[in-house]
Amino acid sequence: MRSALSAAAAAAAGGDVPVGAVLVDPSGAVVAQAGNERERAGDPTAHAEMLALRAGASRVDGWRLDGYTLVVTLEPCTMCAGALVLARVSRLVYGAADPKAGAVGSLWDVVRDRRLNSRPEVVSGVLADECAALLRDFFATHRG
């Protein structure tokens, strides 16, 4: 989660909402790391999770990420939750809950939907206070 927080801080420094994601392989090695780039790239799909999944799939030469863990500072939205299910990520670890757009229990629960063929293990609340503080501080200065 510390690596994801670093990626989130870098995103904030670039003017993007501070969300960071890290993809970890089954041995625990970091395969990909990304922060939000929606503003910088002008791309509505450039969420940290999507970028980390794309980079990770490219590095492992395939879209199936069975055995991999995605670590994110904020509860994924519907797009990102759907992407990690489709990528067959085995485990999702996230920090702060997102009561406005979260799709891992807050508003929806995409990753645990029994109608889907892949459902990752979920670990929530990891360094949640630090993850939430980064977001709070960012919005206090950008919307204040």
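D113 is partly exposed, at 21% relative accessible area; the scale used here, with a 1.4 Å probe and protein chains only, calls a residue buried under 20%, exposed over 50% and partly exposed in between. The model is predicted, so local features need pLDDT of at least 70 and side-chain atom pairs count only at pLDDT 80 or more, while totals for chains, interfaces and linings use all residues. Residues are numbered from 1 along each chain as its sequence is written, and side-chain values use heavy atoms, with hydrogens and water left out.

D113 pairs with R115 in a salt bridge, N to O 2.5 Å, where a salt bridge is a side-chain nitrogen of Lys or Arg within 4 Å of a carboxyl oxygen of Asp or Glu. R115 is exposed, at 75%. The structure has five salt bridges by this rule. Another one of them joins R112 to D109 at 2.9 Å, N to O. Both partners are partly exposed: R112 at 39% and D109 at 30%.

R91 and E121 also form a salt bridge, with 3.5 Å between the closest N and O atoms. R91 lies in strand 4 (residues 91-96) and E121 in strand 5 (residues 121-124), so this pair ties together parts 30 residues apart in sequence; strands are DSSP runs of E, at least two residues, numbered from the N terminus.

The cysteines form zero disulfides, a disulfide being a pair of cysteine sulfur atoms within 2.5 Å. The sulfur of C77 has its closest cysteine sulfur in C80, 3.8 Å away, which is too far for a bond. For C131, the nearest cysteine sulfur is also that of C80, at 15 Å. C77 is buried at 17%, and C131 is buried at 2%.

Note on methods:
Helices (H or I, at least four residues) and strands (E, at least two) are DSSP runs, numbered from the N terminus.
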